[in-house]
Amino acid sequence: MEHLVTFSVHEDIGIIAINNPPVNALSSGVPEGIKAAVHALEANVSVRAIVVIGGGRTFVAGADINEFREVLAGKGKMPALHPALFAIEDCVKPVVMAIHGTALGGGLELAMAGHYRVATPDAQVGQPEVKIGLIPGAGGTQRLPRLAGVAKAAEMCVFGEPISSEDALAAGIIDQLVEGDLLAGAIAFARNVQVARRTRDRFIAPADISEVRKKLRRNLMAPGAALDAVEAAVTLPFEQGIRHEGEIFERCLHSDQCKALIHAFFAERAVAKIPDIPKDTPVYPIRQAAVIGAGTMGGGIAMALANAGIPVRIRDMEQAALDRGMAAIAGNYKRSLKGGRLTEQGMKERILRITPQLGWDGFDAADIIIEAVFESMAVKKQVFAEIDKIAKRECVLASNTSTLDIDAIAAATSRPEMVIGTHFFSPANVMRLVEIVRGKSTEKPVIATAMALAKSLKKVGVVVRNGFGFVGNRMLFPYMEQAQLLVEEGATPERVDRALTDFGMAMGPLAMADMSGIDVFWRIEQEFPDSAGRAVGIGKLYAAGRLGQKTGAGWYRYDETRKPIPDPEVLALVQNQQRAVSDREIVERCIYALINEGARVLDAGIALRAVDIDVIYLTGYGFPAYRGGPMFYADTVGLEKIHERVLEFGWKPAPLLDRLTGEGKTFGSL
Ligand code: NAD
């Protein structure tokens, strides 16, 4: 513990170093160490100024979020930062903060308590607390406006995006950039300053922040709360402002949104741990990849690979399909170039990494082959039988199927242990989720390889077991069925979609069905084991040739802008009742159907843990992070209540939901 913060004297300068790897989080012990070091150096007559620097690769990347989680679980108390920050700010000798890497959240708050700040040109600073449902709670909302002005501080605290040290210099947060050795530069800077200039004594000019307020997302609590706290910096004296900030912070910390966002934050780490696949499981290095099928998904997957620097061959069976696929890829990259997300050079390099072809050239050298042909078992079996003949022995054979039996596909090869599902989501170059489907014979190094690949593509791999629709799509069908039934009973499609987007879903289910294709859902409905065929909407739209966006009409009508336009014809086609349906009923029926099916998926062992389902829905289906994912949300609402509503709706509760309700337990307790 005593090594978390060390201090030394370098001629006339005291140096405090923070050593809490990997990111120097302000875990308990660190603030206390800093405070003690400041007091010691302040009392040392040979020291005239102090430099605070982070050991290792960064300054201080933030508070220790684990400690917040402990507090929420009633197991710990909030780490006290203020005493350390006041010790710094009240120090009579100038304190210079030397920043490299990142100074985020508590890290920036610590830096702002210093009298001066210097930084490397590639450093970043920010107040990202809103991303986990919080506001800066150690003076960030009070000191930042005094350094950067109210408008800039409001923007940083409300949206949570970090800024570069160059921007921070321009904003007045940083006093000087240091090229070369940071510590030497900071010491030189410290020798030149005379006064201990306290941030809290700085003049604060009122500013118009109505623009920021206009951009607040109405469902989220923390951004508005952060703005209120920044405003208080203008109206209240510093000490009162700090108290006010503290009250708002506490309110946020104990909100359902914060708990959900912290859950979502840790959930992605949790799913990376698979109990029977230890960290040291060997992986096959992926240096070259191949994709079969240059359609929507094949093209997106090829881009994802190329973006990660992996050369990829993409094969289709006809030239026209290949040309269309490559044109789509080029078009996508051009849009990124136009949007400033890619350089001309970067675009060229990526396109050059993708080799379109009709034959099998180079497939024998591929480390992974990902199949993305039509969703037909016969076609997939044929493709896998063919690649079995060509691929090298240690090549991973992956299928992008969204519903089909991965074991049946594997059986078409002589090496089912090398076969795995890698279910990407559309658009595959953008969406972060990859459902990794382990078949009954898939060997562990193949699973570990798929997980490692997902990570190197900057995606989130969630390992699931084989079963119709796996986790995400299987749960989607009952959700979609309720959306259809609600329209049939009297709600308009736009009403159903709006109720769910108001709930926080990125997109309404019916608009989503139109985007993916009514034919896709119709085909799945035919095969879905539990769909009793109660809903007729999709079938009727399909029969009427309303296949969604691609035919200009589905649940909505579409013009060239692809904006959904309400269409009374749909009501004439599918409605068989005129019952008044409330928003609450829409949300409860759709979301509880999702949860009830989630309980079945969990019970069947297709999803390993409730948290895996949460991550799948957060990263692949636009479920709002501030609700933590469907299973976390279920626990928040209370399983007893959900169980009761499920019975009222006349559905059969999943056995696991029955059991947990009976025992008074939660999904999180499993
Ligand atoms: P698509 O129709 O856009 O593309 C399929 C491509 O495969 C076509 O270009 C076709 O010419 C080619 N193809 C067919 N048989 C082939 C063969 N034997 N050899 C070489 N090429 C062949 O389809 P898609 O939407 O990209 O879907 C591909 C797979 O991905 C399907 O299994 C689908 O279920 C799955 N998937 C689709 C989505 C989605 O939203 N579209 C999402 C996740 C998964």
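Visitor: What should I know about the model before reading it?
Guide: The model is predicted: local features need pLDDT of at least 70, side-chain atom pairs count only at pLDDT 80 or more, and totals for chains, interfaces and linings use all residues. Residues are numbered from 1 along each chain as its sequence is written, and side-chain values use heavy atoms, with hydrogens and water left out.

Visitor: How many salt bridges are found in the whole structure?
Guide: Side chains of opposite charge can pair when their charged atoms come close. A salt bridge here is a side-chain nitrogen of Lys or Arg within 4 Å of a carboxyl oxygen of Asp or Glu. The search finds 40. One of them joins R474 and E597, with the closest N and O atoms 2.7 Å apart. R474 is in helix α19 (residues 472–489) and E597 in helix α25 (residues 583–603), so the pair ties together parts 123 residues apart in sequence. Helices are DSSP runs (H or I, at least four residues), numbered from the N terminus.

Visitor: Is R474 buried or exposed?
Guide: Buried means under 20% relative accessible area, exposed over 50%, and partly exposed in between (1.4 Å probe, protein chains only). R474 is buried at 14%, and E597 is buried at 3%. R198, by contrast, is partly exposed at 27%.

Conventions. Helix = DSSP H or I, 4+ residues; strand = E, 2+ residues; numbered from the N terminus.
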